[in-house]
Amino acid sequence: MRKIPIYSHPAAGWPALISSTQKLMDYQTFLRGGLSVLKSNQPQGGFDCPGCAWPDHKSHKAIDVCENGIKVIASETMTHKADAEFFAKHTVTELQGWSGYELEHSGRLSEPVYYDTAQDRYVPIPWETAYSLIAEQLGQLDSPDEALFYTSGRVTNEPAFLYQLFVRCFGTNNLPDCSNMCHEPTSVMLSKQLGIGKATVMLEDFEQAKLILMFGQNPATNHPRMLEMLAYAHEQGCRIISINPMREQGLNKFRNPQKPTHMAAGQSADMVDDVIQIQIGGDAALLTGIAKWLIENDRINHDFITTHTSGFEPLKQWLTAQTWEDITLGCGITQTDIVNLAKLVADSSATICTWGMGITQHVQGDDNVAMITNLLLLMGMIGIDGAGASPVRGHSNVQGDRTMGIHERPSKSLLDSLERVFERPMPQEHGYDVVTGAKALIAGKLKVFMGMGGNYAVAAPDTSAIEQALTTTQLNIFVGTKLNETMLYPGANNIILPCLGRTERITTTKGEQFATIEDSMCQIVPTQGKLKPVSDTLKSEAQIVADMAVHVLGADSSIPWLAMSEDFNLIRDYIAQAINGFENFNHRIRTSERGFHLYHAARHRVWNTKSGKAQFEVPQYPITYVAAQMEDTQSIDNENTMQKVWQLTSVRSHDQFNTMIFGFKDRYRQTNRRDVLFMHPDEISRLGWQKGDHIMVTRQRVKDSSGQSRILGPLVLTEMDIASNAVAAYYPECNNLFDLNTHAPDSHIPAYKSTTVILERVNAGARIAEPA
């Protein structure tokens, strides 16, 4: 076995502080951004960091932000502007050739702009003219369903509530959001099995857990504040097991920047006891083996199952029918190792299962979440301290946006409530999600696209096809703080409306306003930026939505749009009337230092499901689903091509946040470039290839919308401790390998984490220059 180069230092520590400081300097916001860092996640007059949705601990610190959060803050607080002067220098055709990194660093959007076809440039447009044009174009639609209204998870609760209300008053439920691309299986399956699609744990449960199973997560990069809680739990004697095809080096040890002894004396804390390195897509098979052993050895909680659950017998019969041969084939783990893990589960009095998108973003993503929930139900680990389901969301308010009604498949109770409060009918038919919306866009069924934040085309599969489709619409509207790729493929009319960032003051005729967010664990907290806006022309998202509503829907005094945008208390009063759990919203958010926790019925063992009990679910896909794909070989007469299918997964680097690219350094994976293909060094040797070779990646048997093969590359072959038969590439650069038809059946989550590809070596030994 070849030695794998590893990152030998603890996670965080001095390198994190140095990297964070460097990013503040790179964005030329050392003072402005540094002052914002001090206000991040602070309970009184601070703002909630937009870097992730990890909860704040009840014992706050003077500085309560991680490396990733500081990078996001640096990005937002930069004062360099993408203004009229910038757009006068650069045509849209030229900007289409810019990388995501270059667009991210081009500056803050500072005034409304409109695409001028004759000049091939964005030019300034007055706010009022922009609103009038939007109203004119929306008014020409044959049906409101010809418009798609996308939402990013960074939008706070108050504007999100206004946005969904505006869209539904306009007449459609076409309200896809980034949940469709990240945790939709979590929302769908937890709702089906427990009655609510959210975490059943609170942050304090991690302090009492005896066993934490981490599925498909890389917190050192994606939510570093979680590391402190993992280190604390481990110190209390909790066993922590990482289940992941990749052995992420940021999970070995943690040097806490908040502890002077750690920093000065070079101390660090252990986090993970073991890594179960399953093959890509093998989670359901592994969980099947654990559940099978627990049932066959009578190590389950019969009292809980009898009192609180339904569907146990069908699941038991299904598990009995699964063979150990198929289980080990499906996950790539030996029966002995699976049984040892099952024994840990059996002996634990308090188990938390926590997961990220490594669980959800598969064709069998719904099954993965179902089997995690099944395991917790078998052991009675819902509704007790130190135990439960802990999905970890990415965007800081993606969960809150859903709670506020941003959903293409709204519940009848939500629509009934909105009709009662606002005394008008709401559209009843389900709308488009990200996948079905993209398909409709490509098929020419949509005439208007609006993005409330986000980078829709680049975040979704089939990026090139979506970008081309955007050029065929009658109107595209983008609300955001930064220029991104989706904004650069204009239709007949294209408008960019710049908004305030999370760190900036929202000042109206009613004074300074604060908003709220909901974190991954159902805590509602206030957020209030304090910085002077980078431009006097910027508007809050709530004001933009309210202004659009007035222009599009006409003067309608029954909904005080403008009054709500001036006074967020009024929005919260309406939320309190329309959304369950927000009674006395304004009073509760002001009288508690850390906000309040939404009532979670399943946490109290109240099951709002069809059966009235927690529901076991039998997986839809065979547990050998991925293994069967791996055996599906093609005969290719080429000495540089591996003669079988590989499983490719997408990953994020340590220098990015979703589609925002801050830089090219992935510290824990020890690479300074993004055009790489990660592979285990033993696999590289077996192929007779070498580190640094150039590899073309071709999607097996799936063509793009024009009938061409989906190809990515050349990528630089790079060593990584990843499971056999597996490779990884960076998201979003690899998105054109993914298609809109390969997704989970119920949640429609795209299969970003598992797709079959063929690899071909080209130009062996040549070198691709690293980015400057």
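P714 is placed in strand β29, which spans residues 709-719. The model examined here is a predicted one. In it, the peptide bond that joins G713 and P714 is cis, with omega at about 5 degrees. A cis peptide bond also joins Y731 and P732. Its omega is about 10 degrees. P732 is in a loop, between β30 (726-730) and β31 (755-762).

Backbone torsions were then examined for positive phi. C522 is not a glycine, yet its phi is positive, at about 70 degrees. The loop between β20 (515-518) and β21 (523-527) holds C522. The relative accessibility of C522 is 2%, so this residue counts as buried. Q670 is likewise a residue other than glycine with a positive phi, near 55 degrees. Q670 sits in the loop between β26 (660-661) and β27 (676-679). Its relative accessibility is 46%, and Q670 therefore counts as partly exposed.

Burial was also examined in helix α3, residues 67-77. Eleven of the eleven residues of this helix are buried, so α3 is largely enclosed by the rest of the structure. The buried set includes the charged residues E67, K71 and E76. Also buried in α3 are N68, G69, I70, V72, I73, A74, S75 and T77.

Strand β11 (residues 274-276) contains I276. This residue is buried, at a relative accessible area of 11%. Neighbours within four places in sequence were set aside. I276 is then in contact with I241, S242, I243, N244, L286, I333 and L341. L341 lies 65 residues from I276 along the chain. The C-alpha atoms of I276 and L341 are separated by 9.1 Å.

Helix packing was described for α8 and α27. Two packed helices are described by the angle between their axes and the distance between the axes. Helix α8 covers residues 157-170 and packs against α27 at an angle of about 65 degrees. The two axes are 10 Å apart. The crossing of α8 and α27 is left-handed. On the α8 side, the contact is made by N157, E158, F161 and L162. On the α27 side, F568, I571, R572, Y574, I575 and A578 take part. By class, this contact of α8 with α27 has seven nonpolar residues, one polar residue and two charged residues.

Helix α27 (568-578) also contributes to the largest pocket, supplying at least two residues of its lining. Rolling a probe the size of a water molecule over the atoms shows where empty space is left. The largest pocket holds about 1400 Å³ of space. It is lined by 38 residues, and S191, G195, G197, S411 and S413 are the closest to its centre. Helices α9 (184-194), α20 (398-403) and α21 (412-422) each supply at least two lining residues as well. The most comes from α21, which gives six residues to the lining. By class, the lining of the largest pocket has 18 polar, 13 nonpolar and seven charged residues.

Terms used. Residues numbered from 1 in each chain as written. Predicted model: local features only at pLDDT ≥ 70, side-chain atom pairs only at ≥ 80, totals over all residues. Heavy atoms only, no water. Buried < 20%, exposed > 50% of the residue type's maximum accessible area, 1.4 Å probe, protein only. Helix = DSSP H or I, 4+ residues; strand = E, 2+ residues; numbered from the N terminus. 1 Å grid on protein atoms, 1.4 Å probe; cavity = no way out; pocket = protein on both sides within 12 Å on 5 of 7 lines; lining within 4 Å. Points joined across faces, edges and corners; volume = space filled by probe spheres on them. Axes fitted to C-alpha atoms, helices over the stretch in contact; angles between N-to-C directions. Left-handed = near helix turned anticlockwise from the far one by under 90°. Contact = heavy atoms within 4.5 Å.
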